[in-house]
Amino acid sequence: MTTLAVEEPLEIRVHGEPFVVTMRTPGDDMDLAAGLLVSEGAIWDRDHLPEMRYCTTVSGRSEQDYNTLSLTVSPDVPEPRSARATAMTSACGVCGVDSIDEVRRATHFPLGPAEPLVTREVLLSLPARLRRHQRVFDKTGGVHAAGLFAPDGHLLCLREDVGRHNAVDKVVGWALREGRLPLHDTILQVSGRASFELVQKASMAGIPALSAVSAPSSLAVDLAVDSGVTLVGFSREDRATVYAHPGRIHD
């Protein structure tokens with residue numbers, strides 16, 4: 001019997017108003033919503049998100065609707081932008097923005113100079129460490145994974161989703177809710193390619209190094225250079241290609 005990866009819509013509301021609808025694999029939805037707001041630059045501290053809850057149905061019964069999530073954002077931060085013009089698919093992390101200028105966002109956690117962070121040996125071991133913990137992939141073969149690692153290779157958090165950007169948002173949202181932002185002493189390992197949006201999400205969370213098992217895009221490399229993120233692609237057991245800020249990798 002074949003097990004399929006689940007893909008369902010999640011509507012995120014802020015102060016009762018629609019913010020965005022995104023396609024995702026159910027699970028860790030609160031991490032996903034929190035990480036999405038960090039990636040949007042709307043929040044950057046767990047105190048900015050005092051309440052998160054699933055909505056109840058409108059049928060008169062007090063049953064929770066696990067595909068609708070309601071958020072309350074602190075009055076200490078600007079009101080998040082109104083809902084995007086289009087729904088986000090599981091393949092899209094920047095759908096519905098109004099202009100190309102909105103794609104590049106200023107981070108609240110700028111990175112400093114590229115100082116030594118992780119050894120080459122540990123860096124090359126991260127894809128295998130990530131793969132060992134991909135439980136949903138083992139069952140379905142149809143989801144991406146993002147793992148947050150300490151410089152010694154210790155896994156801090158792993159999330160899986162049909163969308164690679166969702167998996168990263170879930171990791172970032174976990175970190176926000178745990179009060180761990182900025183993530184200046186970590187490495188983000190992803191199971192697929194390194195797209196522009198993943199570099200942006202790393203930058204917004206203060207993650208200094210992003211490693212992918214596949215190739216980066218040209219725009220991802222450009223943003224990594226500009227934002228100070230160490231970007232690694234084609235990471236395997238015995239080799240990797242460093243596209244930006246190699247100073248964080250040492251022997």
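## Helix H4 and its cover

Helix H4 is mostly covered, with 12 of its 14 residues buried, where buried means under 20% relative accessible area, exposed over 50%, and partly exposed in between, computed with a 1.4 Å probe on protein chains only. This is a predicted model, in which local features need pLDDT of at least 70 and side-chain atom pairs count only at pLDDT 80 or more, while totals for chains, interfaces and linings use all residues. Residues are numbered from 1 along each chain as its sequence is written, and side-chain values use heavy atoms, with hydrogens and water left out.

Among the buried residues of H4 are His165, Asp169, Lys170 and Trp174, and what covers the buried residues of this helix includes strand S2 (17–24), helix H1 (29–39) and helix H5. Helices (H or I, at least four residues) and strands (E, at least two) are DSSP runs, numbered from the N terminus.

## Span and end of H4

The end C-alpha atoms of H4 (residues 164–177) are 20 Å apart, which agrees with the 20 Å that its 14 residues should span at 1.5 Å a residue, the expected span being 1.5 Å times one less than the number of residues. After H4 comes Gly179, whose phi is positive, near 70°.

## Ser203 in helix H5

Ser203 lies in helix H5 (residues 196–204) and is buried, with a relative accessible area of 8%. Leaving aside neighbours within four places in sequence, Ser203 is in contact (heavy atoms within 4.5 Å) with Thr107, Phe109, Ser227 and Val229.

## Cysteines

The structure holds zero disulfides, a disulfide being a pair of cysteine sulfur atoms within 2.5 Å. Cys55 is buried at a relative accessible area of 9%, and Cys157 also counts as buried, at 4% relative accessibility.
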